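This report looks at one helix, its packing and the loop that follows. The sequence and the model are shown below.

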Amino acid sequence: MIYTIQANSKGTRTIEVSEENLSTIEKYSLFQHLIDSNGIVDEAVLEKLKLNIRSLIASQESNSKDLLDLCIDVIYHNNMKAFGLQQLIKLYLNWLSNLQEEEEE
């Protein structure tokens, strides 16, 4: 399944996010400890995510195609800015909650 997130506040730019992208975020717990206690998602948070992913890829012995796909499709997308990351986090949390509801049923 493909989801579309808004990449800017005007809604003129979007980014497509696949189910696999969301699974990769979950697999590597990429959003855990990403946002400071102030809860603000800004460009520094996006940079921190990029650095975290880069170090994960560098430290992996095995194939990191899932991380590379996430980078190419979403994280390093031309339209990805802090607003887009905030929307991605919201999408991920909704997706995760739906996943947990399905497992409980």
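Is His-33 buried or exposed? In this predicted model, His-33 is exposed, with a relative accessible area of 69%.

## Crossing of H1 and H4

Two packed helices are described by the angle between their axes and the distance between the axes. For helix H1 (residues 19-27) and helix H4 (residues 82-104), the axes come within 10 Å and cross at roughly 85°, which means that H1 is roughly perpendicular to H4. On the H1 side the contact is made by Glu-19, Leu-22, Ser-23, Ile-25 and Glu-26, and on the H4 side by Leu-88, Leu-91, Tyr-92, Trp-95, Leu-96 and Leu-99. By class, the residues of this contact divide into eight nonpolar, one polar and two charged.

## The two sides of H1

Within H1, the residues Asn-21, Leu-22, Thr-24 and Ile-25 are buried; seen down the axis of H1, its buried residues fall within an arc of 155°, so they line one face of the helix. These buried residues pack against strand S1 (2-6), strand S2 (14-18), helix H3 (65-75) and H4, whereas Glu-20 and Lys-27 are exposed on the other side of H1.

## Positive phi in the following loop

Most residues other than glycine have a negative phi. Just after H1, however, Ser-29 takes a positive phi of about 50°, although Ser-29 is not a glycine, and it is found in the loop between H1 and helix H2 (43-59). Ser-29 is partly exposed, with a relative accessible area of 35%.

His-33 also has its place in the loop between H1 and H2, and its phi is near 60°, a positive value in a residue other than glycine.

Conventions
Residues are numbered from 1 along each chain as its sequence is written. This is a predicted model: local features need pLDDT of at least 70, side-chain atom pairs count only at pLDDT 80 or more; totals for chains, interfaces and linings use all residues. Side-chain values use heavy atoms; hydrogens and water are left out. Axes are lines fitted to C-alpha atoms, for helices over the stretch in contact, and angles run from 0 to 180 degrees between N-to-C directions. Helices (H or I, at least four residues) and strands (E, at least two) are DSSP runs, numbered from the N terminus. Angles under 35 degrees count as roughly parallel, over 145 as roughly antiparallel, 65 to 115 as roughly perpendicular and the rest as oblique. Contact means heavy atoms within 4.5 Å. Ala, Val, Leu, Ile, Met, Phe, Trp, Tyr, Cys and Pro count as nonpolar, Asp, Glu, Lys and Arg as charged, and the others, Gly among them, as polar. Buried means under 20% relative accessible area, exposed over 50%, partly exposed in between (1.4 Å probe, protein chains only). The arc is that of the directions from the helix axis to the C-beta atoms.
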